[in-house]
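Colleague: Please bring up the model. I have some questions about its side chains.

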Amino acid sequence: PYAFNTVHNDWINILKRIREMNYVKIIVPGHGEILRNKNYINDMINLLEAADQKIQECFKKGYTRQETAAKIDMEVYRKKFAGTDPAKNWAFENYFLKPRINNYYKEKKNN
């Protein structure tokens, strides 16, 4: 999951719409293997919703972006998406979690 320039709710809402498309039997993602069921879609929705909930809790407590990154526990999802591969773990942290936090804080600052 890469979250460089994502708009939080849009990504989740789009995935939910794809999940509801009962006629879709094969999904060709931009990265990774062809999907023949919607398990990965569900995993992504769960990941995004969990991250957003944890980020929102930290934001409401007044934590900085750096404090939020240090405090939220995403290990269950990190293991699911990155396993023990060091490169995938680095990517999870730097291409998903930190950008997700940064984008959330930017959106809240602009509102």
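Modeller: Buried means under 20% relative accessible area, exposed over 50%, and partly exposed in between, with a 1.4 Å probe and protein chains only. This is a predicted model: local features need pLDDT of at least 70, side-chain atom pairs count only at pLDDT 80 or more, and totals for chains, interfaces and linings use all residues. Residues are numbered from 1 along each chain as its sequence is written, and side-chain values use heavy atoms, without hydrogens and water.

Colleague: Is Phe81 buried or exposed?

Modeller: The cut-off for buried is under 20%. Phe81 has 18% relative accessibility, so Phe81 counts as buried.

Colleague: How many aromatic pairs does the structure hold?

Modeller: Rings of Phe, Tyr and Trp (its six-membered ring) pair if their centres lie within 6.5 Å; planes under 30 degrees apart are stacked, over 60 edge-to-face, the rest tilted. By that rule, the aromatic pairs number six.

Colleague: Which kind of pair do Tyr40 and Phe81 form?

Modeller: Their centres are 5.8 Å apart. The planes stand at 70 degrees, and the pair is edge-to-face.

Colleague: How many residues apart are Tyr40 and Phe81?

Modeller: Helices are DSSP runs (H or I, at least four residues), numbered from the N terminus. Tyr40 sits in helix α2 (residues 39-60) and Phe81 in helix α4. The pair links distant parts of the chain, 41 residues apart.

Colleague: Is Arg78 buried or exposed?

Modeller: Arg78 belongs to helix α4 (residues 75-82). Its relative accessibility is 12%, so Arg78 counts as buried.

Definitions and conventions
Helices (H or I, at least four residues) and strands (E, at least two) are DSSP runs, numbered from the N terminus.
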